[in-house]
Amino acid sequence: MDSNDNKGIAAPAGQRNPGDESEPGAPQTAEDICPECQGSGRQGQAACANCGGTGRIVKIIGDA
């Protein structure tokens, strides 16, 4: 396993990545696969800027 493999690990509470629609752990939110890197956490040789390299974003679900 790569030491930079952060799949399934969201940003720490209160920390948002550019692709997050809300704060991690906020009501009516869920993790989703990053649309920019398709969940890989990488864009070329660098970490995905949209998800911060996690491969996941926080998405609003329901009518928050």
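Buried, in these notes, means under 20% relative accessible area, exposed means over 50%, and partly exposed lies in between (1.4 Å probe, protein chains only). I am working on a predicted model, where local features need pLDDT of at least 70, side-chain atom pairs count only at pLDDT 80 or more, and totals for chains, interfaces and linings use all residues. Residues are numbered from 1 along each chain as its sequence is written, and side-chain values use heavy atoms, with hydrogens and water left out.

**Entry: salt bridges**

I started with the charged pairs, taking a salt bridge as a side-chain nitrogen of Lys or Arg within 4 Å of a carboxyl oxygen of Asp or Glu. How many salt bridges does that rule give? I get two. In one, Arg56 meets Glu31 at 3.9 Å, N to O. This pair links distant parts of the chain, 25 residues apart: Arg56 sits in strand S4 (residues 56–60) and Glu31 in strand S1 (residues 29–33). Strands here are DSSP runs of E, at least two residues, numbered from the N terminus. Glu31 is partly exposed at 38% relative accessible area, and Arg56 is partly exposed at 30%.

I then looked up Glu23, which bridges to Arg16 with the closest N and O atoms 3.9 Å apart. Glu23 is partly exposed at 33%, and Arg16 is partly exposed at 41%.

**Entry: Asp20**

Is Asp20 buried or exposed? Asp20 is buried, at 7% relative accessible area, and lies in the segment before S1. Its side chain reaches the backbone nitrogen of Val58 at 2.8 Å, a polar contact (N or O atoms within 3.5 Å; within protein, one able to donate a hydrogen and the other to accept it, and sequence-adjacent residues counting only if both atoms are side-chain atoms). Leaving out residues up to four places away in sequence, Asp20 touches Gln15, Ile57 and Val58, where contact means heavy atoms within 4.5 Å.

**Entry: cysteines and core**

Next I listed the largest nonpolar core: Cys34, Cys37, Cys48, Cys51 and Ile57, five residues in all. Such a core is a set of buried Ala, Val, Leu, Ile, Met, Phe, Trp, Tyr and Cys residues joined through side-chain atoms within 4.5 Å. Cys34 is buried at 1%, and Cys37 is buried at 5%.

With a disulfide taken as two cysteine sulfur atoms within 2.5 Å, my count is zero.

Technical notes:
Helix = DSSP H or I, 4+ residues; strand = E, 2+ residues; numbered from the N terminus.
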